[in-house]
Amino acid sequence: MSPHGATNLGSDVLSPVADRGLGLEVQSSGSWPNAGQIRGRHSGPDPLERQPHNGQLRKLRQHFHREAVGKRDRQSSDRQLRVLAYSLVPSPGASPDEDWNTLHAEAEQHGYAIGARLHDVAVPVPTTYFPGSRTGRSVYTPPWQRPGWREVERQIRGGFAEGVIVLDRHNISSDDDEYRAVIKHLGERYQAFVHLVIPEEPTAPT
């Protein structure tokens with residue numbers, strides 16, 4: 001699939017795609033941290049400084065989902081929650097079509113209405129992969145620097161969706177601090193939520 005609406009961010013490893021003819025507006029909300037403020041993307045977490053466990057991250061994500069449901073119920077209890085479908089594919093030649101099918105089936109099961117479908121192409125670190133995930137353990141570019149993810153945030157900020165549905169957390173970030181920052185940013189700033197098809201896996205025993 002050839003990308004359209006691409007915006008040059010000075011990187012040759014990203015290629016945004018927005019289905020349904022969306023024009024990308026690549027503008028940060030201005031509240032994201034600088035890249036240097038989130039540690040551990042390339043060096044890995046310090047074993048002496050344990051980052052939040054997946055159970056805590058899952059509870060945080062579920063908290064903002066409950067808030068979004070409560071807000072919807074106060075406004076119109078019979079309206080479906082609107083979500084954006086997002087996928088991160090590992091190479092320019094990879095297609096997100098399989099992800100779209102899975103995301104649509106999951107959305108239908110939970111009664112969500114899917115709006116736009118967006119994806120980014122990223123080059124993962126080639127050494128470590130999680131079973132069941134199509135992306136690597138860590139991605140060179142954090143989500144808020146990816147054109148497709150910025151479009152996700154733009155549409156949520158504009159009130160076109162209350163959440164985003166993705167296959168697993170590694171489509172957003174495999175780094176706990178980055179992932180937690182995304183959940184909190186969407187939840188606290190926009191009262192929006194992240195829904196995962198594959199929940200956060202248990203923390204491996206040490």
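Visitor: What follows helix 4, and is the phi there positive or negative?
Guide: In this predicted model, helix 4 is followed by glutamine 191, and the phi of that residue is positive, near 55 degrees.

Visitor: And what about the other end of helix 4, which residue caps it?
Guide: The N-terminal end of helix 4 is capped by aspartate 175, which places a side-chain oxygen 3.1 Å from the backbone nitrogen of aspartate 177. Between its ends, helix 4 runs over residues 176-190 and reaches 21 Å from its first C-alpha to its last, close to the 21 Å expected at 1.5 Å a residue.

Visitor: What covers the buried residues of helix 4?
Guide: The cover includes helix 1 (54-76), helix 3 (147-157), strand 4 and strand 5, and the buried residues themselves include Asp176, Tyr179, Val182, His185 and Tyr190.

Visitor: Asp176 is charged, so which side chain does aspartate 176 meet in a salt bridge?
Guide: Aspartate 176 meets arginine 169, at 2.7 Å from N to O. Aspartate 176 counts as buried at 14% relative accessibility, and arginine 169 also counts as buried, at 2%.

Visitor: How many salt bridges are there in the whole structure?
Guide: A search of the whole structure finds eight. One of them joins arginine 79 to glutamate 162, with the closest N and O atoms 3.3 Å apart; this pair links distant parts of the chain, since arginine 79 sits in the loop between helix 1 and strand 2 while glutamate 162 sits in the loop between helix 3 and strand 4, 83 residues apart. Arginine 79 is partly exposed, with a relative accessible area of 25%, whereas glutamate 162 counts as buried at 12%.

Visitor: Where do arginine 157 and glutamate 153 lie?
Guide: Both lie in helix 3, four residues apart, which is about one turn of the helix.

Visitor: OK, helix 2 now: which of its residues are buried?
Guide: The buried residues of helix 2 are Asp99, Trp100, Leu103, Glu106 and Ala107. Seen down the axis of helix 2, they fall within an arc of 135 degrees, so they line one face of the helix.

Visitor: What do those buried residues pack against, and which residues are exposed on the other side?
Guide: The buried residues of helix 2 pack against strand 2 (82-89), strand 3, strand 4 (163-166) and strand 5 (193-196), whereas Glu98, Asn101, Glu108 and Gln109 are exposed on the other side. Just after helix 2 comes glycine 111, which takes a positive phi of about 75 degrees.

Visitor: Zooming out, what pattern does the protein follow along the sequence?
Guide: The pattern is β-α-β-α-β-α-β-α-β, from four helices and five strands. Buried residues make up 47% of the 206 residues.

Methods. Residues are numbered from 1 along each chain as its sequence is written. This is a predicted model: local features need pLDDT of at least 70, side-chain atom pairs count only at pLDDT 80 or more; totals for chains, interfaces and linings use all residues. Side-chain values use heavy atoms; hydrogens and water are left out. Buried means under 20% relative accessible area, exposed over 50%, partly exposed in between (1.4 Å probe, protein chains only). Helices (H or I, at least four residues) and strands (E, at least two) are DSSP runs, numbered from the N terminus. The arc is that of the directions from the helix axis to the C-beta atoms. Contact means heavy atoms within 4.5 Å. The expected span of a helix is 1.5 Å times one less than its number of residues. A polar contact is a pair of N or O atoms within 3.5 Å; within protein, one must be able to donate a hydrogen and the other to accept it, and residues adjacent in sequence count only if both atoms are side-chain atoms. A salt bridge is a side-chain nitrogen of Lys or Arg within 4 Å of a carboxyl oxygen of Asp or Glu.
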